[in-house]
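Dear colleague,

Please find the structure below.

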Amino acid sequence: MGSEQDTRSPAASLGLLDATMVGIGAMIGAGIFVLTGLAARIAGPAALLVFVLNGGVTLFTALSYAELASAIPKNGGGYAYIRETFSAPIAFVMGWTRWFTYMAAGALYALGFSSNFIEFIHLYWGGLPAGPIWQVGYALLAVVSFVMLNALSTEASGGAETLVTLVKIGILIVFIFFGISAVSSATFFGIDPGAAPTVSDFFSKGATKVLPAMGLTFIAFQGYDLIATVTEEVENPKKNIPRAIFISLGVTVLIYLLVVGVAVGTLGAPRLGSAKEKAVVEAAISFMPDVAFFGASIGAALIAFGAVFSTISALNAVVIGSSRVAYAMGREGQLPERLGNIHHKYGTPYSALMASAAIMLVATIVAPISLVGNLASLFSLLGFIVVNLAVIKLRRDQPNLNRPFEIPFYPAPPILGCVLNLVLAIFISWVTWAVAVGWLLVGAVIYVGLNSERTRTVLSNTQSTDAETTPIEDSTMSETVEED
Amino acid sequence: MSKDLQIVIVGGGRVGYHTAQRLSNRGHDLVIIEQDSDRVQFLSDQYIASVIHGDGGRPSVLREAQLERSDVIAALTSHGAMTNVGICMTAQRIAADIKTVARIDHGEHEEFEQIVDAVVYPEELAAHTAANDIIDVSGGGVRTIEEVTDRLELIEIEIAERAPAAGKSLDAVSFPQGAVIVAEQHTGAFPGPDMILEPGIQYILAVQPDVTDEVVRLLRG
């Protein structure tokens with residue numbers, strides 16, 4: 001029998017740096033390459049403000065994550081905390097939307113990957129077939145490869161993440177370093193050289209466009225949920241998890257600020273907007289030193305490589321993230337139990353991966369990139385609202401719960417988090433809301449189907465009903481199931 | 001049904017903590033209720049369970065552990081059987097379906113087994129292990145595998161060179177009433193009447209405690 005200083009299990013292998021990198025990796029990953037163009041198209045030069053404000057808004061939710069992660073020692077991210085706090089139907093909605101967020105993000109990153117991949121290869125070899133169908137084809141290939149990789153081995157995740165993220169940051173620093181001297185205020189504001197920029201030049205598309213652009217690009221800042229999915233592997237989690245959350249958020253906002261500033265200042269918002277998910281690469285081509293390297297400009301090649309590399313590593317992260325959510329829901333009995341099983345030979349959450357992959361592939365094929373981005377952002381926002389509510393509910397229900405990290409100035413931050421996230425969600429298009437409601441309805445059907453079947457089994461076993469009485473009719477039913 | 005159990009442990013001392021650690025390794029979800037604030041710090045550093053800082057004897061504190069959605073409550077405080085059994089009874093008043101385990105501090109299991117679902121007596125388990133280890137390090141050749149009930153235990157005995165039964169076939173040895181050879185340890189072979197009790201070989205026996213000494217004398221000398 002070991003001493004009380006036994007190491008925790010699973011092995012606590014992630015230090016503060018690693019945990020921070022998990023978060024930065026998810027936030028800096030593909031978002032910066034894929035979303036910069038979209039933000040510039042909607043908000044003009046004010047895209048800069050869009051990312052700063054999003055960072056500010058998400059800080060409130062980050063505080064909530066830090067408090068929950070330090071008090072509830074569970075992998076599984078937002079879903080695990082909601083499961084702990086709310087009744088089963090609400091937890092189901094949370095899991096169901098987080099699952100979709102990861103899959104939508106997966107589709108977004110896969111499509112971002114393929115357009116940057118084509119751009120990169122075309123620098124060297126113009127013969128690579130391109131075109132909308134090919135683009136989707138490359139995206140599908142990327143999804144399938146990473147699903148297979150993660151299905152066959154658990155090694156694909158983990159350790160390499162820190163290195164991968166450092167490479168991504170390194171490439172962006174090169175971009176900022178060369179770009180910052182090429183920035184001109186005339187290009188930035190889209191005015192004649194020498195003219196004095198005005199506030200209205202900054203808000204060239206109107207100040208009101210900042211909010212919808214924030215809603216669209218919000219997904220870029222959801223990476224700390226990923227830190228929360230690996231908390232049990234973090235050393236000294238009580239201290240390191242809150243720190244990792246805040247450092248990763250701070251670094252991410254700073255890098256976004258610089259990269260978006262350079263991109264707008266060198267290429268101008270209109271051209272960025274039309275370059276869409278290749279915006280950052282296009283900007284790099286415009287200013288990077290034109291040193292030939294195997295027939296292409298090395299600077300442009302480096303940034304294009306960075307885009308390919310970042311989107312692919314972000315894709316890997318969300319493939320893992322989506323399967324973990326489905327797996328956790330399977331184990332909790334909130335999705336078919338099969339999803340909560342690991343493969344008898346590979347030891348991976350195989351069924352959860354395959355289910356996630358199937359939906360990700362469909363999303364990649366049928367959904368336009370802006371809709372996918374919108375959906376992922378909308379579900380992130382809604383999910384974060386619930387996380388903020390969980391903090392408030394848990395403070396009331398479990399006042400004596402040990403909270404190594406406590407939100408300062410409580411209850412203002414979680415309330416602000418709820419309100420601001422809701423405001424952003426309202427500005428997302430009604431088409432997105434319609435698709436979102438559709439997905440929730442599919443979830444409702446599955447949920448009721450799963451539970452009515454189980455309730456029957458429970459009743460035939462003459463189990464007594466649950467003591468918990470909840471105003472929601474559904475939850476009494478599902479709580480009965482838990483008792484089985 | 002959830003695959004992982006929701007478990008509430010009252011008392012995060014050594015017994016409570018080590019129990020929590022084992023359960024956490026098996027993937028179950030845990031809440032520990034602990035009174036002492038230094039201990040709360042320690043438990044929270046381990047990051048294996050949510051920790052509620054409070055007196056588990058109070059219903060309001062027990063309620064915070066969300067008993068309605070938990071499968072089992074284990075009262076493992078060092079404050080004696082009555083405290084732990086009391087905590088279990090309170091828990092059952094709050095959530096009728098919860099299973100209960102209470103730590104006790106004396107040997108009278110049966111008294112409490114009518115009230116709670118199971119009792120643990122850590123000192124007895126420790127004594128059991130200690131007795132085995134004492135015999136083991138001194139080459140005694142007899143080891144208790146498990147006490148099945150108060151009236152039956154499984155033991156492992158290595159036949160000594162000069163024991164009365166050494167080298168004899170089973171039908172030639174008369175075992176006392178209440179002892180039977182279950183299997184040979186290494187091969188797992190079941191005994192027949194002509195099986196020879198080889199010196200140096202270990203056998204597994206089911207024995208009633210009152211004849212254990214007789215069996216040991218037969219097989220160890």
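This is a predicted model: local features need pLDDT of at least 70, side-chain atom pairs count only at pLDDT 80 or more; totals for chains, interfaces and linings use all residues.

Residues are numbered from 1 along each chain as its sequence is written, chains are lettered from A and ligands numbered from 1 in the order in which they are written, and side-chain values use heavy atoms, with hydrogens and water left out.

Cavities

A cavity is a set of points, on a 1 Å grid over the protein atoms alone, where a 1.4 Å probe fits but cannot get out; a pocket is an open set with protein on both sides within 12 Å along at least five of seven lines, and lining residues have an atom within 4 Å of a point. Grid points are joined across faces, edges and corners, and a volume is the space filled by probe spheres set on the points.

There are four cavities of 30 Å³ or more in the structure. The largest cavity holds about 90 Å³ of space. Its lining includes A:Tyr102, A:Tyr109, A:Gln222 and A:Gly223. Two or more lining residues come from each of α1 (16-28), α5 (88-124) and α15 (298-331) of chain A, and α15(A) gives the largest share, three residues. Helices (H or I, at least four residues) and strands (E, at least two) are DSSP runs, numbered from the N terminus. Ten lining residues are nonpolar, two are polar and none is charged (nonpolar: Ala, Val, Leu, Ile, Met, Phe, Trp, Tyr, Cys and Pro; charged: Asp, Glu, Lys and Arg; polar: the others, Gly among them).

Second largest pocket

This pocket contains about 790 Å³ of space. Of its 19 lining residues, B:Val15, B:Thr19, B:Arg22, B:Val120 and B:Leu125 lie nearest its centre. In chain B, β1 (6-10), α1 (14-25), β4 (72-75) and α6 (122-137) each supply at least two lining residues, and α1(B) gives the most, with six. The lining has 14 nonpolar, two polar and three charged residues.

Annotated domain

An unreviewed UniProt entry annotates residues 4-120 of chain B as "domain: RCK N-terminal"; such annotations may be inferred rather than shown by experiment. The end C-alpha atoms of this span lie 22 Å apart, and the span is 40% helix and 23% strand.

Yours sincerely
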